[in-house]
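My notes follow, in the order I looked.

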Amino acid sequence: MSAPAGVLPAARPAQVTAPVVVADRLGGYAHLVIADPVLAQALPGQFVAVAVGDRQSSMLLRRAFSVHRADPAAGTLEVVVAAHGAGTAWIAGRRAGDELDVVGPLGTRFVLPPAGGRVVLVGGGYGSAPFAWTAQAAVAAGVRVDAVVGAGDADRLCDVDGVRAVVGAAGGQVLVTTDDGSAGEPGRVTDALARLLEEPVPTTVAACGPMAMLAAVARTAAAAQERTGAPVDVQVAVEEAMACGIGICMTCVLPVRGADGATRMVRACTDGPVIDAAAVRWDCVGAHGASVPADAVGAPEGGAA
């Protein structure tokens, strides 16, 4: 995806030691505000990589987090942290006054449609973290915004109020779903998305969440495009494991079909995380990472089909 004219280029990433100035909660998640003027240049869709522990830490790999919000004027960047393991629990336990070793801003961003266009934001779990901020940017650019915020249950929803405050105030729809029906309507985000895509107008979908959800969003959008005839551009912020965040370790490779029709393994951290969903080889993406398609450029003989 190329940036439209007038869109600011992404800032060059840097490694900084920056203070946490606010540490509180956002629903069931930890919410950290980090003060640093370079990190504050991040754009919606980008991420940061945070080191775990001090120089003596045995946890050498950084943890990647999508940017919840960045404010260049205030010089701050915010992240939302789900404590899944020892590393993320350590980061979630930071308090105001603590310092973090952070590399960022990293990766590609969402490319919003031009003024007069429409974007539908789709977030699953804490994948919804960047979408109040993204909606704010879209509304300011004259773009119509609707949103779907979903999770497995009510406790895992993220920033519904923040998304509603922006999208609702601009006259857009915010649909909330949970798999178990404990909040919003029962069902998956794709159930609600399908309804929003019934309107036959060109639409950009920006999605962030688990890989299985992103694949389902891509299928839902493709079906809607075939049904209505209106083009749907789907941009997904992929959640592949990113051990370094800067393209060195190759732990986040993903099979993507290029404009020439050939499939290549790209790095989600440097070529993404925001990727054209129509180009991703979802047939080779599973719950535990991606396999190498047999027809990929450079694939070893006997690679996965």
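**Strand 5 and its partners**

I began with strand 2 (residues 29-35), which pairs with strand 5 in the antiparallel sense over 6 bridges. Strands count as paired if DSSP finds at least two bridges between them. Helices (H or I, at least four residues) and strands (E, at least two) are DSSP runs, numbered from the N terminus. Before going on, I noted that this is a predicted model, where local features need pLDDT of at least 70 and side-chain atom pairs count only at pLDDT 80 or more, while totals for chains, interfaces and linings use all residues. Residues are numbered from 1 along each chain as its sequence is written, and side-chain values use heavy atoms, with hydrogens and water left out.

I looked up Ala30 and found Val81 of strand 5 as its bridge partner. Strand 4 (residues 63-71) also runs antiparallel to strand 5, joined to it by 4 bridges. There, Arg69 is opposite Glu78 of strand 5. Strand 4 and strand 5 make a hairpin with 4 residues between them. In that turn I found Gly75 with a positive phi of about 70 degrees.

**The barrel and the open sheet**

I traced 6 strands closing into a barrel, in the order 1-2-5-4-3-6, with antiparallel pairing. On average, neighbouring strands in this sheet are turned by 45 degrees against each other, direction ignored. I also checked strand 1 (residues 14-26) against strand 6 (residues 99-106): they pair antiparallel over 6 bridges. Val16 has Val102 of strand 6 as its bridge partner.

Next I followed an open sheet of 7 strands in the order 10-9-8-7-11-12-15, where the pairing is mixed. Its edge strands are strand 10 (185-186) and strand 15 (274-276), each pairing on one side only. Strand 12 (residues 232-237) meets strand 15 in the antiparallel sense over 3 bridges, and Gln235 is opposite Asp276 of strand 15.

**Another hairpin**

I then looked at strand 13 (residues 253-257) and strand 14 (residues 263-267), an antiparallel pair with 5 bridges. Pro255 is opposite Met265 of strand 14. This hairpin has 5 residues between the strands, and Gly261 takes a positive phi near 90 degrees.

Which residues of helix 2 and helix 3 make the contact? First the geometry: helix 2 and helix 3 (residues 160-168) pack at an angle of about 10 degrees, with their axes 8 Å apart. That makes helix 2 roughly parallel to helix 3. My cut-offs are under 35 degrees for roughly parallel, over 145 for roughly antiparallel, 65 to 115 for roughly perpendicular and oblique for the rest. Axes are lines fitted to C-alpha atoms, for helices over the stretch in contact, and angles run from 0 to 180 degrees between N-to-C directions.

The contact (heavy atoms within 4.5 Å) is made by Phe131, Ala132, Ala135, Gln136 and Val139 of helix 2 and Gly162, Val163, Val166 and Val167 of helix 3.

Helix 4 (residues 189-196) and helix 5 (residues 211-228) pack at about 25 degrees, with axes 10 Å apart. That makes helix 4 roughly parallel to helix 5. From helix 4 I listed Val189, Thr190, Leu193 and Ala194, and from helix 5 Met213, Ala216, Val217, Thr220 and Arg227.

**Two residues I checked**

Thr220 is in helix 5 and counts as buried at 16% relative accessibility. Leaving aside neighbours within four places in sequence, Thr220 is in contact with Thr190, Leu193, Ala194 and Leu197.

Ser128 lies in the loop between strand 7 (118-124) and helix 2 (131-140). Is Ser128 buried or exposed? I found it buried, with a relative accessible area of 0%. Not counting residues up to four places away in sequence, Ser128 touches Gly123, Val149, Cys158 and Cys208.

Methods
Buried < 20%, exposed > 50% of the residue type's maximum accessible area, 1.4 Å probe, protein only.
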